[in-house]
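User: I would like to go through this structure by question and answer. Please keep to what can be computed from the atoms.

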Amino acid sequence: MRIRTCPNCGSTDIRPYMGFETGVQYRCGTCGYVGPIVVERDITLDGRGVKR
Ligand SMILES: [Zn+2]
């Protein structure tokens, strides 16, 4: 399973955020980061990498 995490705070609360001319960006619900870059992480069934 692959998840997206915030490059700023590491939160998994990343949601698509539609820009106008800039295409798809992402918004972090935890720290308010908005940008085109997210960190994709592979997680395993035991949930490592999701929370700590
Ligand atoms: Zn964040």
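User: Which residue in β3 is the bridge partner of Met-18?

Analyst: The model is a predicted one. In it, strand β2 covers residues 14-18 and strand β3 covers residues 24-28, and the two pair in the antiparallel sense. Met-18 therefore belongs to β2, whose residues are 14-18. Its bridge partner in β3 is Val-24.

User: How many bridges pair β2 with β3?

Analyst: One of the pairs joins Met-18 to Val-24 in β3. Another joins Arg-15 to its partner in β3, Arg-27. For the antiparallel pairing of β2 and β3, the number of bridges is five.

User: What distance separates the C-alpha atoms of Val-24 and Pro-36?

Analyst: Val-24 is placed in strand β3, and Pro-36 is 12 residues away from Val-24 along the chain. Between their C-alpha atoms, the separation is 6.8 Å.

User: Which residues does Arg-15 contact, leaving aside its neighbours within four places in sequence?

Analyst: Arg-15 sits in strand β2, and its bridge partner in β3 is Arg-27. Arg-15 is exposed, with 9 other C-beta atoms within 10 Å. With neighbours within four places in sequence left aside, the contacts of Arg-15 are Tyr-26, Arg-27 and Gly-29.

User: How far apart are the C-alpha atoms of Arg-15 and Cys-28?

Analyst: Arg-15 is in β2, while Cys-28 falls in β3, given as residues 24-28. The two are 13 residues apart along the chain. Their C-alpha atoms are separated by 6.5 Å.

User: Which residue in β4 is the bridge partner of Tyr-26?

Analyst: Strand β4 consists of residues 34-35 and runs antiparallel to β3, to which two bridges join it. The partner of Tyr-26 in β4 is Gly-35.

User: Which residue takes a positive phi in the hairpin of β3 and β4?

Analyst: The hairpin has five residues between its strands. The strands β3 and β4 run antiparallel. The positive phi is near 85° and belongs to Gly-32.

User: Which strands stand at the edges of the open sheet?

Analyst: The open sheet has three strands in the order β2-β3-β4, with antiparallel pairing. Two of these strands each have a single partner strand, so one side of each is left without a neighbour in the sheet. The edge strands are β2 and β4.

User: Which residues does Cys-31 touch, not counting residues up to four places away in sequence?

Analyst: Cys-31 is located in the loop between β3 and β4. With 13 C-beta neighbours inside 10 Å, Cys-31 counts as partly exposed. Cys-31 and Ser-11 are 20 residues apart in sequence, with 8.3 Å between their C-alpha atoms. On the stated basis, Cys-31 touches Cys-6, Asn-8, Cys-9 and Ser-11.

User: How far is Gly-10 from Cys-28, C-alpha to C-alpha?

Analyst: Gly-10 lies in the loop between β1 (2-5) and β2. It has 15 C-beta neighbours inside 10 Å and so counts as partly exposed. Gly-10 and Cys-28 are 18 residues apart along the chain, and their C-alpha atoms are separated by 9.3 Å.

User: What percentage of the residues in the protein chain is buried?

Analyst: The protein chain has zero helices and five strands, in the pattern β-β-β-β-β along the sequence. Of the contacts with a separation of 6 or more, 34% are between residues 24 or more positions apart. The chain has 52 residues, and the buried share is 6%.

Key
Residues numbered from 1 in each chain as written. Predicted model: local features only at pLDDT ≥ 70, side-chain atom pairs only at ≥ 80, totals over all residues. Pairing = 2+ DSSP bridges. Helix = DSSP H or I, 4+ residues; strand = E, 2+ residues; numbered from the N terminus. Buried ≥ 20, exposed ≤ 12 C-beta atoms within 10 Å, placed from the backbone. Contact = placed C-beta atoms within 7 Å.
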